[in-house]
Amino acid sequence: MKTYLIFEDGTTFTGESFASVGNVTGEAVFTTEVVGFCETLCDPCYEGQILIQTFPEIGCAGINLSDASSKPALAAYVINTPCEYPSSFRCEKTLEEFLTENGIVGMKNADTRAITKYITSHGVQKARLVTDPSVFPSAEQKKKIAPPPYIAAGKGNLYKVACIDFGRAYDVFKPLERRDCEVTVFGADFSVKDVCVRFDGVVFSDGYGRADKALLKKITSLAGKIPLFGIGFGHLALAESFGGKIIRLPHGHHGSNVPVKSTEGKVFVNPQNHLYAVNTKVPSALKISHVNVNDGSVEGLVYPSLKAFSVQFRPGDSLALDDGRSIYDKFVALMKE
């Protein structure tokens, strides 16, 4: 069945239906990741978005359910060529089977490189993925229910960390557990008083969307009382709480190998998936600690008088190289002080 990807300005790309069939709307973004497509599909940061995969053939290794950390949250998946016969011994399902079971609308045989060039030159826009170009659907964003407080990692360990979960709290569990931290997960409805009394530090996780005024007020209330560490969404929320201006990037950062440089000269190559950044003109209380090598956008901030810092990217914790290990060490050092 012929399928249409229609942008706000009317620019249209065609392909064929793939996986589930339907009509959806969402922001159209691309990712340059070559491997790890299962993790990409399950990344909650793609909530409600139409994701274009630039690599030409997707699904060669199939789907191993242990790599699927959560159900796909994206609105639709656009690819060039799906692999029908995966070769990995770990394969449990094909890409199409996985998408169909999760109700994800797909489009194949699309000129994904042309679509990527269009987004790069025109910026991210809302788009419709439809089988009938006369259809104008209204897609509602899925609502996530904040989890109740629960200990997620390192029960009984030395440092008590409150992790405010905006969608990707699981990223910090193992790195913090390795550093003798007990991690308790909260939703955005956390109590400032409870956190300050019971915990040694707070991590604001990566996630999707924008922080509301109530959340920003809570973060401001924590200032100077307890060490704070923000990642991705948490980085943006922390910056906005203390006067930073949030801007929308022309086409965002989506990929697994985005270079970031610290003011000390250290370069990190990390996965990123975001459309927003902090404006480079930051208030005097904030200091830029990391910048994106490709476009110079802000990738990290420190708050010298507040025992707080944040990074836009997702720090790794590899034993072989420092792809973010020192960032977690910095947070623990703040709690130790």
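What follows looks at salt bridges and then at a cavity.

This is a predicted model, in which local features need pLDDT of at least 70 and side-chain atom pairs count only at pLDDT 80 or more, while totals for chains, interfaces and linings use all residues. Residues are numbered from 1 along each chain as its sequence is written, and side-chain values use heavy atoms, with hydrogens and water left out.

Start with the salt bridges (a side-chain nitrogen of Lys or Arg within 4 Å of a carboxyl oxygen of Asp or Glu). The count is 12. One of them joins E27 and R248, whose closest N and O atoms are 2.7 Å apart. E27 lies in strand 3 and R248 in strand 15, so this pair ties together parts 221 residues apart in sequence. Strands here are DSSP runs of E, at least two residues long, numbered from the N terminus.

Now find R314 and D206, another salt bridge, with N and O 2.9 Å apart. D206 sits in strand 13, and R314 is 108 residues away, in the loop between strand 19 and helix 8; a helix is a DSSP run of H or I, at least four residues long. Both R314 and D206 are buried, meaning under 20% relative accessible area with a 1.4 Å probe, protein chains only. Through shared partners, salt bridges join D43, R168, D171, D206 and R314 into one network.

Finally, turn to the lining of the largest cavity: G209, R210, A211, F233, L236, A237 and E240. On a 1 Å grid over the protein atoms alone, a cavity is a set of points where a 1.4 Å probe fits but cannot get out, and lining residues have an atom within 4 Å of a point.

Conventions:
On a 1 Å grid over the protein atoms alone, a cavity is a set of points where a 1.4 Å probe fits but cannot get out, and a pocket is an open set with protein on both sides within 12 Å along at least five of seven lines; lining residues have an atom within 4 Å of a point. Buried means under 20% relative accessible area, exposed over 50%, partly exposed in between (1.4 Å probe, protein chains only).
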